[in-house]
Every structure is written in C-alpha cells, then in structure tokens.
Amino acid sequence: MNTPAAATNLLERWRAGWPVALATWSKYTRLRDPRLCESRVDAAGEGLSGSFAMIRLADQRVVVDLQQVRALALDDYALEILAHEIGHHVLAPATATDQFRLLARIRRALPTLERHAPMVANLYTDLFINDRLQRQAGLRMADIYRKLAAATPTHDPLWALYMGIYENLWQLDRGSLGGADDDATCGDAWLGARLVRVYAGDWLEGAGRFATLLLPYLVESDQRHGAIGFLHDTAQAAADCDASGVLDVEADEIDGAIHPGRDPGITGDAAPPAAPLPNTQQSKGQAREPFEYGELLRAAGITLTDHQIAVRYYRERALADLVPFPVRLSPASPEPQLEGLEPWQIGDPLDEIDWLQSTLQSPQVIPGLTTVRRVYGNAPARERERVPVDLDIYVDSSGSMPNPQQRTSFLTLAGSIIALSALRAGSRVQATLWSGKHEVTATDGFVRDEDAILRVLTGFYGGATCFPIHRLRDTYASRGKHARPVHILQISDDGITTMFEPDERGNSGWQVAADALARGGAGGTMALNLPPRWTDAKYGHWAADLIRARDEQGWDIHAVTAMEQLVAFARAFARKHYAGEAPR
C-alpha cells in the first residue's frame, strides 16, 4: 500500500542500503549520495524516465525512481539495484570517455540500426556488472530479471537472447529467466556468455562483437514495450560531459565489428577472425566526420545543435596544430649595475682599485688592508612592450565549399587553427564568413572570445559567390592611426577576385583593398584553392586579377591544389605570425 508512512519507510531503507552497496565494490568506493526520488515527477526533474534508475557521469550521481520501484515490486532489492548503478561508475563505463568509445564501437557494428547503440551499450555493460555481483558478491541479480519479466510479460526475441546469456553465465536451467529454447538462439546465447568471459579484462574490445551478435535480434525487437525498456539506465550517462579524446577512429573500433562466432578467442578455433564489416574501411588515426561526431554525442545523451557540435569538433581537431603557449622571457640588462664594495687583495688587477672609497676608509692607503674595489652585477632589464598583430580573417562559405557541420571543411579547420593560435599569442581576431554581399556573419569587431569566433567559422551559407567588400571597407575606414597592426587573411578559391569589384557606393574594390592593407599595417595573405600553374594566361581574368593583387598590392598568395593542403598552410602561417615569445 502506497501510504506516506510506507513511502518514508522505503526511502529510509534505501538510504541505509547505500553504504552497503558501496562496500560491495570496495570499502574505499566513494560517490556522491544518490538521488532517491519519491515520485516519478521528481525523477523526471532529475532527467530519469523510462527506467527506474540511472547514472550521471558528469556529477557522479545515481538517481532512483522509488515510485517505479514499488510498481515493479522491487522494494526489497535496494542493495542489488544500488550496487548495480555503482558498478556503472566504477567498472563499465566508469568514465565519459569510455562511454563515448563504447558507443563508437557499437555504432560501427550496427549498420542502419545505429539508433539502437545506446541500449546495446547499456545491455553490454550490464552483463559485466551483474555477472560480478551475482557470482562474486552473492547478490540476487537473477531475481530482479524474474520480477521484471513478471511485471511486463514480453515475447521480444532480444529479451529472450539476453536472458539466455545470463542463464549460461550463471549456469541456470534453460528458460528459468525467460531465455529462448530454440537451438539458434541458445547457440547465440552461449556465444554471448563466452564473450563476457573472454573479454572480462578488456570489455571495450568485445563491444563490437556483442553488437554484431545482437544485430539480427534488433530488427525484430520492440524496445518501447516490454521489460527490456526498464534496463536503460545509462541513456543520459554522459550528458553535460566533455567529449574530448574521441575525435579519432581507433584501430580496434574498426577491427572489432565481427561476429563472435568468427572470433577464435571465443570459439577456440585456430583460424584468424574474419575481415571487418564492409562499412569499416577507415584507416587508423583517421578523424571522424562532423556528422559522425555529432551522432556519437547524441547517442551519449548530449543534446546540442549541429552548429554547437561543429564548434566542439573544430576546436578539438585544431588543438594538435596550435602554436605552443608563448613563454615570457626577461632579458638581462646590457649595463652593469653597482652592487657594493669588497676588499682589494694583492694580486688583483691594479685598475680595479676604487681609490676614492679606499681613501675615505683610511687616509693612509695600505694595499691589501684598506684598499677596496667595486662589485658589479647584471639586473633584469625593463621588459619592452611588443604589440601583437591582430588577425582579420575572411572564410568563403559559397556553394563550392563543404558544409562544415556535415563534412570536414578544411577551410574551417585552417581558420580555426590560425584564429586559436592568434588568441594564444594575445592577439584579437575578427572573423567573417561570407557567401554573397548580404550573406555575411561576423564577430562583433576584433574580439578574444573563442566561442564567438568558432561560431562564425563553423557556419554555412552555400549560396552564390560575391565577396562582401563593404565589410572590408567599413572595418578599416574608421580604424585609427594608433590602432594595433592587423594582418588580413583570405581563405577561398578563385572567387576571391569578386573582392575587386565596385562596392554598392561605386568605390573601386581595388582601392578598398589597397586602403585596408595600408591601414592594417601588417600585410595580407590569400590561401586559395587554385589549379596547378594558376598564373597561366589560359585561366583568364581571375588569374590576371590575382597576379595584379600580388604584384601591385603585395598580397601573399598561397595556392593549394587540394583543400587538405590548407592544414599545412595553417600550421606554417600560425608559427610564422604567432609562435615565439609572449607579447610584452
């Protein structure tokens, strides 16, 4: 009976079970006290829905819906349920990084069914936790599954396979937990149990194999109904966590997407494992595409827009190529500084005697007794102030450029490397993304806000190509004579020559560009995707315009024949302009 007194008693019993559950893993286990919610409304406020318990890796919390616990007749299983949730914190996945890595391996093994990866990851980690608690700690994990099956009868083939794996692990009678009795499913259940035993010491390596085993069962499974839906306690485990460290595809992620029946470590066969699935052809160390990175974050419970995910993606991908943090050095003084006097001894150079001070000490000068000499040293000089060069960067986002939120845009990556390096060196950055004259996004002038700059660089238009010459004009028209020097950087292709067309006021684009370079005072660079030997006359007016810009105005034109080469350009540019000592 759900009386207030009964609810209070249940809450107290579960609170008392928490330290016992911690000790089940180790007497040194420490986690924050659990959130024991007395109603589903309170649980929903904590982000818990569907299951009766969940974990949060960001704040090391366990959350339990006690109303749901009562509805499933699990009141007396506080120790088992709490110990299970603690197991997710201390064993699998334990960290947000391993949760991301786990999901990446499982998604790769579920072609066209990647949406099921969070549930499969949950089922997989549960196996290692429950097996340890049932066999080593003597907890009643099997009884919990019997209770769930009784509360929500199901004919789900996935549930039947999963229960069959536990029956094999714990040597229970076939069907005692609801496992299937057909030979095919029983064979797969045996493989699943063997997988848990073989990869108990490295559970991440077996994740792709487990997902491959479950793949045909997921096609027929309806996880919205039935007991299996109550098991999803890691759905939001990595919400609000940092996804750093999972940008690159790992080797065992690629090679691990094989059926456990083809793994000689599981079957005991001498034959080598089969080749990876057809969709796992990426090379070692290759970075994920932005859309893959985004899907991985969403599978882990991180809810961000494509644009927000792109900001995270390009920030992390640019980190390896940034200039080192500058080191401030104190130069030595070129002039010696008088520090005091000391005795002049016979044998010291005669010209070192300070005759005035020696006479002041004694009217009768006695060499070696009353003679003194001056002592000099070097003191740190006053540091000279070095004004950093600001960066004014313009990135093309016309239809010929990739959408950085879906596929890797090397224009965006190069811009991120250079802009973040400039910020490290103490410079300010103005970033402008453009496609047409009225398709422009820019920072609010020259700023040091990393997020604001990356939000501009990761945007996308995909329209016509027309450089917004008014932005260049207005930036430098009001720039004072004593403003810090600015280097102007253009990242585009031959479409950059639209910069030299007249503006809406009839001003010559050539004159606007020349004035900008003069007032910026630190030169200009164009990194452009151009064909080989772009200076040939056969390329017509745009090539002639670029030659004129180089020869008459002094633009440093760096041509690349493939967009990937922009990364090498960005590294070289950043080190040339922003590496070295800190601004002083």
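**Cavities, a pocket and a helix pair**

Helices α4 (78–90), α6 (117–135) and α7 (141–151) each supply at least two residues of the lining of the largest cavity. The model is predicted: local features need pLDDT of at least 70, side-chain atom pairs count only at pLDDT 80 or more, and totals for chains, interfaces and linings use all residues. Residues are numbered from 1 along each chain as its sequence is written, and side-chain values use heavy atoms, with hydrogens and water left out. Helices (H or I, at least four residues) and strands (E, at least two) are DSSP runs, numbered from the N terminus.

The structure holds 2 cavities of 30 Å³ or more. A cavity is a set of points, on a 1 Å grid over the protein atoms alone, where a 1.4 Å probe fits but cannot get out; lining residues have an atom within 4 Å of a point. Grid points are joined across faces, edges and corners, and a volume is the space filled by probe spheres set on the points.

By class, the lining comprises 9 nonpolar, 3 polar and 3 charged residues. Ala, Val, Leu, Ile, Met, Phe, Trp, Tyr, Cys and Pro count as nonpolar, Asp, Glu, Lys and Arg as charged, and the others, Gly among them, as polar.

The second largest cavity has a volume of about 40 Å³. Of its 13 lining residues, D396, P402, P404, S409 and T412 are the closest to the centre. Strand β6 (390–396) and helix α16 (410–424) each supply at least two lining residues. The lining has 8 nonpolar, 4 polar and 1 charged residues.

The second largest pocket (an open set with protein on both sides within 12 Å along at least five of seven lines) holds about 160 Å³. Its lining consists of L91, F128, D131, R132, R135, Q136, V196, R197 and A200. Helix α6 gives the most, with 4 residues. Both α6 and α9 (183–198) supply at least two. The lining divides into 4 nonpolar, 1 polar and 4 charged residues.

Helices α5 (residues 96–108) and α10 (residues 207–220) pack at about 40°, with axes 8 Å apart. Axes are lines fitted to C-alpha atoms, for helices over the stretch in contact, and angles run from 0 to 180 degrees between N-to-C directions. The two helices are therefore oblique to each other; angles under 35 degrees count as roughly parallel, over 145 as roughly antiparallel, 65 to 115 as roughly perpendicular and the rest as oblique. In contact (heavy atoms within 4.5 Å), L102, R105 and I106 of α5 meet A207, G208 and A211 of α10.
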